[in-house]
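I set out to look up the fold of one chain and the surface of another, and I kept the entries in the order in which I made them.

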Amino acid sequence: MSPRRLFPLLYLAAGGVMLSCADIATPSRNNAYEWRRLVTTATGVDTLSFHWPRSSLPVRIWAEDSLSLPAHVEHAIGEWEAAFLYGEFSAVAVSDSNEADVIVTSGIAPEGGFSISRLESLRAPECQGATDIELDASGQEIRRPIRVYVNPRFAPGSPGLDACMALTTTHEVGHSLGIFTHSPDAGDIMFGDPIVSVLSPRDRSTAELAYHIDATLSVAGR
Amino acid sequence: MRALPPFLVLAFAAGATVLQAQVDYNARLGVTWATPLLRDSVVEEVQVRQKLAPTLVVGASLPIAPRYRAGLEVALTTSGYQAEEGGASSDLGTVRTGSVTLGLHGPISTDFRWRAGTGLLSYWPSQDQGAFARGGTTKFLAGAGIDYRRSLLPQWEMMVSLAYDFHRFTTDELQARGFSQRQGVQRIAATIGVARARR
């Protein structure tokens, strides 16, 4: 085997190795907002963070068959799943509320009854939403199900109501997947008074970070 | 002038017969290993990597000079792909690839030949999600390889092939998310099969 006959092959291989060494450049995720809930305790500030563990995926979400909530939940699931590149979060709609990890109903969140973090978005004129996350006695474990309330302020069919219910459902499902605070930017779905219907790059970056940093809260077993 | 069309038909038929007599076909099965499709850093490094992929290759070549042949090769792979982060991995689904390569083949020794070529490589994910949320992608490909051939029967040879190729990977979804440049992906395929030689 003459080494000279191998030259074309060696040149090509060397060229290939040189050309293929470059890596893709990762985007900055510095645009993320704070998603963790800071709780003041007797000893200082406690940072509560949560994401659904892979062993709990897909998260099962039940929606009341009212005011197009099932469709809004499907839309919300699609929006949030698309925020992730590596399958960090997935969810499915289920028909049996007894099996659900998250329950979405219409109506106003009940007063009291939970040892909870209540995350509300109240200022939209057409509808309002709230997410109740109940912790166990230790304060370290989330009880299932997380409850989401989306409440219309006008009669069904009123102008703007359906759009408000849709974006509020997406917003509240965002809380249920671990974004425990509100964005300060009105361009984000997680803004306290959401007005956009799709996730922004900031929402995506925030969700990604939430799912790549160890959570301080766990979720109770099924 | 009337004789020209029949002449052309006869000439074409004769040429095709000569070419057909010189065409060398081969079909191989094997596996393909690839470097990561994507390296990201969310908090820790995340790598997206294809698993070892079963591979089917079919090829044909024609002589273009006393010692050289031009060849066309089609390769198909299918495998799962996964994300790896901090020692943990999670399946992301299945991705199939198909490549078409036009190449040049030359001799190294009696049983060994080299080949090099360029072509196109397409990724077809089973689901439009994650990095493939906006669908698959097609990239330029360049590669080279060594073939070993040994006669089995008259006109049939066993063919063992080791091939290397590279391409620069990205997708519409990754670019929309702000990933710039492209990930260099190198692949090595080892295949074995048969070749029908008409030389």
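My notes on chains A and B follow.

I am working with a predicted model, in which local features need pLDDT of at least 70 and side-chain atom pairs count only at pLDDT 80 or more, while totals for chains, interfaces and linings use all residues. Residues are numbered from 1 along each chain as its sequence is written, chains are lettered from A in the order in which they are written, and side-chain values use heavy atoms, with hydrogens and water left out.

Entry on chain A. I find four helices and 10 strands (DSSP runs of H or I with at least four residues, and of E with at least two, numbered from the N terminus), and along the sequence they read α-β-β-β-α-β-β-β-β-β-β-α-α-β. Of the 222 residues in chain A, 48% are buried (under 20% relative accessible area; exposed is over 50%, partly exposed in between, with a 1.4 Å probe and protein chains only).

Entry on chain B. I found one of about 790 Å², with Leu29(B), Val58(B) and Trp124(B) among its members; areas are by the Shrake-Rupley method. β4 (53-63), β5 (69-85) and β6 (88-107) of chain B each supply at least two residues, and β5(B) gives the most, with three.

Entry on Leu56(B). This patch member lies in strand β4 of chain B, and I class Leu56(B) as partly exposed because its relative accessibility is 38%.

Key. Patches are made of residues with over 30% relative accessible area and no salt bridge: like charges are joined within 9 Å, nonpolar side chains (Val, Leu, Ile, Met, Phe, Trp, Tyr) within 5 Å. Accessible areas come from the Shrake-Rupley method with a 1.4 Å probe; for residues, only the protein chains shown count as cover. A salt bridge is a side-chain nitrogen of Lys or Arg within 4 Å of a carboxyl oxygen of Asp or Glu.
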